[in-house]
Amino acid sequence: MVEAVVALAVEKLGGLLIEEFGYAVRRTHVQSEVEWIERELIRINCFLKDADAKQKGDERVKTWVRDVRDVAYQVEDAIDTFIMIKSTGPRKRAGFIKRCVCCFSFLLNELALQHKLGKDIRGIKVKISDISASRITYGIENIGGGGEGSSYVSEKLRERRRSSPRMDDHDVIGFDEDINMLVARLLDQETPRRSTISIVGMGGLGKTTLAKKVYNCRSVKRRFDFCAWVYVSQDYRAGELLHEIGEKILRIEKGRLAMMNRQHLEERVSTVLRKKRYLIVLDDIWETEVWDDLKTLFPDVMNASRVLFTTRIRDVAIHADPRSATHELHFLNQAQSWELFLKKAFPMEGDSVTCPPELERLGTQIVAKCGGLPLAIVIIGGLLSRKEKTPSVWLRVLQSISWQLNNDSRQLMEILALSYNDLPYYLKPCFLYFGLFPEDLEIPVGKLVLLWIAEGFVQQRGEESMEDVAEDFLEELVDRSMIQVAEKRYNGKIKTCRIHDLLRDLAMSEAKECKFLEILDSTNIDTSVTTRARRISVHSSLEEYMKLRHPNPHFRSMLHFSRCEESLRRDQWKSLFESLKLLRVLDLERVQTHALPKEIRELVHLRYLGLRRTGLQRLPSSIQNFCNLQTLDMRATKVSRLPIQLWNMPGLRHLYLEKTSIAGHPPVHVSVMHLQTLSTVSIYGNQWIPDLLGKLTNLRKLGIHGYFASQTEALSRCLVKLSNLQNLQLRGTELILEPTIKLLLNQPNIHKLHLSGPIEKLPDPQEIQPNLTKIILEKSLLVQDIFVILGKLPNLQMLKLLINSFFGKEITCSVSGFPKLHGLELSNLDNLEEWRVDDGAMPSLRHLIIDHCDQLKKIPEGFQYLTALRELFLLNMPDEFEARIKGDDWYKIQHIPSIVMR
């Protein structure tokens, strides 16, 4: 981790020399001293890999590494403070005399800044000299920066991705008997009462994995009318969990749920479930109070409904249902452990995997150290899969496992730390960053990527964008079994991810040790965050942070994760920003404010500003002070107009809006040339499309709201210029005429198209460009058979026909139609009565949702030909439809592994 800290400090020094000092620095001795520090830190960084390997067993080396980290932080603080003061110095004033006074004041200020920086640099230089001298004393060797584990070249990265050991059906070992026993208990017709079945065991044994296998079992899905999966977690909040359950069972939007009182919501959930045979999974329960709070939701009408628990605590399971025996999950035996280890350590060899004779004894000893814990075996096996298959390498791994067979949870942390220590330096801060997020949170990858970039963890790599590089970093963490995929997009990219509890504990432990982060939650609100940590994540409230006796001025990031809205007084806002002037990342989601305090304009280092759901009404013109800002997120705010100063922010890459209009006339020469995301902006207000849009040539995603028929010609000219545009969203209420829709469907660079609003007519298939991979239509009011037209698009992978997009009565999937379609959603198509699927249609379809199609009476003939289909969701369908599914139509879908009906 220290390698990343030093690398960032070196980057800061280089930027200071090149951009910030200019002519003034060349007239002082500061420049030569800065250059010396830069060279010495680069030299020290060569020794850090060896030091990292030795520090766990040598306190002197650990102290040396800590000194290097602290001096790197000191360098960063000195430079950032210098830039901040210089950038927020006296502004120019009107009048000759005042301008002269201002100029004289500015010169004095420059001299004072130079003097202070020189003093700081000299102090840092002395410390670095001491650090360099002590390195030899501690026996820290230079093993170079290109050794094994320090970085992965692209070819090796691709190879590892192909052979990555993911937890799929093939890799689940030792659960066959457990699955059969649990399925039998769930389906037991001799127990008509609603019973609670609990899977109990320590963290890392695979409780959640086992529960998912049972939950997705075909016989289970067929038995129960309604199934739902709910994550509980240690950080349990009754109200939030009730809303999550209500959303899944009632299919009501979160906004409407929030308006219901608790009693009304509980009654509605209970009423719905009373009419169903249901299966509810409550995953990761820690306290008996959870069941006490929720049990009234799950009525017992003697129809053999079931609740399935996973918990580490046996008393929690017994408390929920004393009459139901707990299912104790045991460690893997020697044979099972060895089988799992081989699959992870030799992923390329398939089912016929064998261990080379010269490695078998060492492998057996390594597996024995894991004590039958599946998570430990997966991590160690994955680590060895990327190392040389030689006895010397495996011996080093064996010698580094400090595993003693007792019940101390620290044992697992030591094994998990092996995988962390093996990360290349550029991935370590990315992994530690997961410690900032609340437990069991499904983390949106889009936001995570932008945060990593703002933090400086991601650098340009050739012609790849930093966003693409960051996604590669996440893929590598997933491939190393350190991060889990929660949900994937239609194109295989990760949409949301999560981190296992134990690995999150490891991330927080390592991060706190190196002053990477602090967490402020309900467990530590009475203590002061007095360390020099660089980041803080507020899980309680900002008001609790304001109560700290000694706020930390060294924070570079503040993330707010409280689920409750809160607001601060004017004096609190002022105090907050005066103490956090070096921030790079500020996420204030749900912190209510009508206007940004004027003190925020001094946060000149800000790169990410999250204002989502803040109730913000106005964006000040001083926003242009954020010359380094990369991401501005104002979704779900009340900002109606953008100041023209926004277009003078050269670093801006992503601008997320809420149907916001652009005020005034944009400048002739705009600075936002790196802007990649502009969504959703209102078309109303002025002629910004002809004046501005065509200049934003790096746009990848564009969302426009409003009546754009009058801007068809201007939009056409601009779209031709936007050669990087891949995702276009247009929302309005006016009719989209045929010439306009032809234009939109014939832009060869656009891969994703989302149209909301009436459409006169879709063009013929030959008039639609073939590169479209995703199409979403809603409120289109089309009566022509959409499938006949879109089915001929050769590369379409995802199609969503949402509310009132189709007003016809019949659709047909012809032979060879939709050759590459992976996902299809039909939702709220009120007039749809019949759907025909020919043999050979949709050969690649894997995921299908049919929701609220009230006139559709049955699954179409030909569904039995959809052999690639893996997931079928039938939601809110009429009783006649559900009855046929369970009866005459079952043969059409019985081959589908996962069927969800509710």
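## The α16/α17 crossing

Helix α16 covers residues 334-345 and helix α17 residues 357-369, and the two pack at about 110 degrees with axes 10 Å apart. Axes here are lines fitted to C-alpha atoms, for helices over the stretch in contact, with angles running from 0 to 180 degrees between N-to-C directions. Helices (H or I, at least four residues) and strands (E, at least two) are DSSP runs, numbered from the N terminus.

That angle makes α16 roughly perpendicular to α17 (65 to 115 degrees; under 35 is roughly parallel, over 145 roughly antiparallel, and the rest oblique). On the α16 side, the contact uses Gln 334, Ser 337, Trp 338 and Phe 341, while α17 brings Glu 360, Gly 363, Thr 364, Ile 366 and Val 367. Contact means heavy atoms within 4.5 Å. Sorted by class, these residues come out as four nonpolar, four polar and one charged. For the classes, Ala, Val, Leu, Ile, Met, Phe, Trp, Tyr, Cys and Pro are nonpolar, Asp, Glu, Lys and Arg are charged, and the others, Gly among them, are polar.

## The α11/α13 pair

Now for another helix pair. Helix α11 (residues 238-250) packs on helix α13 (residues 262-274) at about 40 degrees, and their axes are 10 Å apart. The two are therefore oblique to each other, and their crossing is left-handed.

From α11, the residues involved are Ala 238, Leu 242, His 243, Ile 245, Gly 246, Ile 249 and Leu 250; they meet Arg 262, Leu 265, Glu 266, Arg 268, Val 269, Val 272 and Leu 273 of α13. Nine residues of this contact are nonpolar, two polar and three charged.

Glu 455 sits in helix α22, which spans residues 445-455. With a relative accessibility of 1%, Glu 455 counts as buried (under 20% relative accessible area; exposed is over 50%, partly exposed in between, using a 1.4 Å probe and protein chains only).

What does the side chain of Glu 455 join through a polar contact of 2.8 Å? The partner is the side chain of Tyr 433. A polar contact is a pair of N or O atoms within 3.5 Å; within protein, one must be able to donate a hydrogen and the other to accept it, and residues adjacent in sequence count only if both atoms are side-chain atoms. Leaving out residues up to four places away in sequence, Glu 455 touches Leu 8, Tyr 433, Arg 535, Ser 557, Arg 584 and Val 585.

Most residues other than glycine have a negative phi, and most peptide bonds are trans. Lys 515 has a positive phi of about 60 degrees without being a glycine. Lys 515 lies in the loop between α24 (501-513) and β9 (518-520), and is partly exposed at 22% relative accessible area. Asn 804 also has a positive phi, near 55 degrees, in the loop between β24 (798-801) and β25 (810-813).

Then there's a cis peptide bond between Ser 679 and Thr 680, with omega about -5 degrees. Thr 680 belongs to strand β19 (residues 677-682).

## The whole chain

The protein chain has 32 helices and 30 strands, and 56% of its 902 residues count as buried. Among its contacts with a separation of 6 or more, 63% are between residues 24 or more positions apart.

## Ground rules

Residues are numbered from 1 along each chain as its sequence is written, and side-chain values use heavy atoms, leaving out hydrogens and water. As this is a predicted model, local features need pLDDT of at least 70 and side-chain atom pairs count only at pLDDT 80 or more, while totals for chains, interfaces and linings use all residues.

Conventions
A crossing is left-handed if the near helix is turned anticlockwise from the far one by less than a right angle, and right-handed if clockwise.
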